[in-house]
Each structure stands twice: as structure tokens, then as C-alpha cells.
Amino acid sequence: MTDIADFTARLTALTGGRASAPRVRDGIMTLALDVGGLSPDQRDGLVAAIREGGLTVPGVTDVRIAQTAERKPLRIIAVASGKGGVGKSTLSANLAVALHRLGHRVGLVDADIYGPSQARLMGSEDQKPQARDKKMIPVTGTLGIPMLSMAHLVEPGKALAWRGPMVGNALSQLIDADWGDADLLVVDMPPGTGDIQLTMVQKHKPVGAVIVSTPQDLALIDATRAVSLFTQAGVPLIGLVEISDPFGTGGAETAAGEMGMPFLGRIPLAIDIRRQSDAGDPPAAGEGVHADAFREIAQKVATWLDGTA
């Protein structure tokens, strides 16, 4: 048998200081446990261990644990471009994966309501989200990353003929889902500067934006428009990523310097990246030169986030 003093000391070691000092009255032990940041399995295992230990204290017949968690507001990173087809969605998926591998609790939102692609990129096309307390429960993509996309909610290939307000409501349902322990959302924005972009910056207030462009002048002109939108809305610019191709490189890095924003790195338009993306296997989840390129960009984003925490 264990007396209350011994149990209190073991409780502190077991929980890493997450538990309050236990109290015993009429055979009932009560204590509070901070479960913030724990996965469901970690939380349940810790609670079970505390109950088991508490019942070894003489006179204790029941152990009651009040679980608490300080919920931090989700921080949102918007990944945007001025036009489609520049590799923004591929960058978004791999950025989420690379940040996850760096230890961040990341969720991924596909905000391209009309042209969702994240379900394919993250290998979660066959999943459907559930709902609890009027909130969607994200599905799981690569490496168990929680994610939501309209591709999880509509039939493949079905066109959505929605006007602006409906699109804004759909975006809000995706972002306001039950993200569990995630404290960071990577949001793959649709191309352009229309209604959904305005809803994002005005209602959901990203902490920062990553701009994606190819090195060509036309793509950079459109990227400049995206930069202007976020700047006018007061959203900080984390930096610019170039998706380079055999026909050009360096244009985005030059443009970043001219706009006074950091250049985060360059991702090649490589056939290996395309094949892995089509197969739902983001390169950032593995090893090699492409994984390293995404990891370096994610590290710069993580450093920027640490500086704004």
C-alpha cells in the first residue's frame, strides 16, 4: 500500500507536473489533470495510470479526475498564388507534412472549394468526415495529419455551382471544424483575389501568408496581386517560394527581393514530385533531395512562427 505523500510524489513524476495535489475525502480522491496537447491515447493511458495508483492509497475507494485543457487559438498559414497551376497545392501539402515532421501539431485545409486537390495529394480520397456537436471531424491524411477538403464531401468530378456566400460558408465550416490537438492550420487557398480570399483574411485572420509562383513574368504579375491583397488586409508575408522549371529559374527570388519579402526556397518541377503527388505520397514524408527542399522551407516557416509566438 502507498500513503498519500508517496503517491503525490509519484503523481508529479508520472504526469510531469500536469496534475494538482490530490485530495481525499470520504474515501474519494479528487485531482485536476491538464491534458492539453496530449493525444487521446496519451490522455487515456495517463488517466488509467493515475486511477490505478490512486486506488493503492489506504482508504481510497474511488479516484475522480477533472480533465482540463487550455485551448490555444489555431494559427493559420495561408498558402496562396495569384493564378492556378503554379504548384501551390503541392507546396501546401508538403509544407504541412514537413512541419508535422518538425514537431508541429498541424492540420490541413483545402480552401479551393471549386477545384479541391488535397484529398488526392494526401491519399485520403476514400474518407468521409463525421460530425460532432455540429462540427466536422477531420479525416486523416499522410502521417495521420488531420485534414478537410470539399473532395471529402462531394462526389468525385461533380461541379459545384455555388455563389460567393455559399463558398464563404463552406470555408468557415472547414476551418471551424474540431481540429483536436492541432494548433496550426495550413490553408491551401484557391488562386486569385476574390470572395473566398476576402473571407479568409477578414474573418479567419491568418497569422501569415506564403506566396507561391513560377519564375515566369506572367505568374509573378499575378503573385504580386496576391501579395497586395494580404498587405492591404494587414496579413504578414512569411515569404515567397519559387516552383522552378527547365525553362527558367530565379525570377521569383528576384521578385521577392524587389517586394522586400523573404525568399523561402525553390522547389523543382520534377517528374518524381508529380508522380508521388498523383499517388498520394507527398515527397516531404520521405527522404531525399526533394524532401530536403520542402524541409528547408518548412524550417524557415517554423522559425518565422517562433518569432511571432
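His290 has its place in helix H10, which covers residues 289-308. In this predicted model, His290 counts as buried because its relative accessible area is 16%, and the cut-off for buried is under 20%. Leaving aside residues up to four places away in sequence, His290 touches Pro268, Ala270, Asp272, Ile273 and Pro283.

To find the spot on screen, pick Leu108, which stands opposite Met147 in S9.

Which residues of H8 are buried? They are Ala252, Ala255 and Ala256. Seen down the axis of H8, the buried residues fall within an arc of 105°, so they line one face of the helix. The buried residues of H8 pack against S11, H7, S12 and S13. On the face turned away from this buried side, H8 carries the exposed residues Gly257 and Glu258. After H8 comes Gly260, with a positive phi near 75°.

H7 and H8 pack at an angle of about 35°, and their axes are 11 Å apart. The crossing of H7 and H8 is right-handed. What makes the contact between them? From H7 come Leu220, Thr224 and Val227, while H8 supplies Gly251, Ala252, Ala255 and Met259. Sorted by class, this contact of H7 with H8 has five nonpolar residues, two polar ones and no charged ones.

Let us move on to another sheet. Three strands form an open sheet in the order S1-S2-S3, with mixed pairing. Strand S1 (23-25) and strand S3 (62-68) stand at its edges with a single partner strand each, so one side of each has no neighbour in the sheet. On average, and ignoring direction, neighbouring strands here are turned by 25° against each other. Strand S2 (residues 28-34) pairs with S3 in the parallel sense over seven bridges, and Leu31 stands opposite Ile65 in S3. Helix H2 packs on this sheet, touching S2 and S3, and its direction makes about 150° with that of S3.

H2 covers residues 40-54, and Ala49 lies in it. Is Ala49 buried or partly exposed? Ala49 is partly exposed, because its relative accessible area is 29%, and partly exposed lies in between the 20% limit for buried and the 50% limit for exposed. For a sense of scale, Ala49 and Met200 are 151 residues apart in sequence, and their C-alpha atoms are 43 Å apart in space.

Definitions and conventions. Residues are numbered from 1 along each chain as its sequence is written. This is a predicted model: local features need pLDDT of at least 70, side-chain atom pairs count only at pLDDT 80 or more; totals for chains, interfaces and linings use all residues. Side-chain values use heavy atoms; hydrogens and water are left out. Helices (H or I, at least four residues) and strands (E, at least two) are DSSP runs, numbered from the N terminus. Buried means under 20% relative accessible area, exposed over 50%, partly exposed in between (1.4 Å probe, protein chains only). Two strands pair if DSSP finds at least two bridges between them. Contact means heavy atoms within 4.5 Å. Axes are lines fitted to C-alpha atoms, for helices over the stretch in contact, and angles run from 0 to 180 degrees between N-to-C directions. A crossing is left-handed if the near helix is turned anticlockwise from the far one by less than a right angle, and right-handed if clockwise. Ala, Val, Leu, Ile, Met, Phe, Trp, Tyr, Cys and Pro count as nonpolar, Asp, Glu, Lys and Arg as charged, and the others, Gly among them, as polar. The arc is that of the directions from the helix axis to the C-beta atoms.
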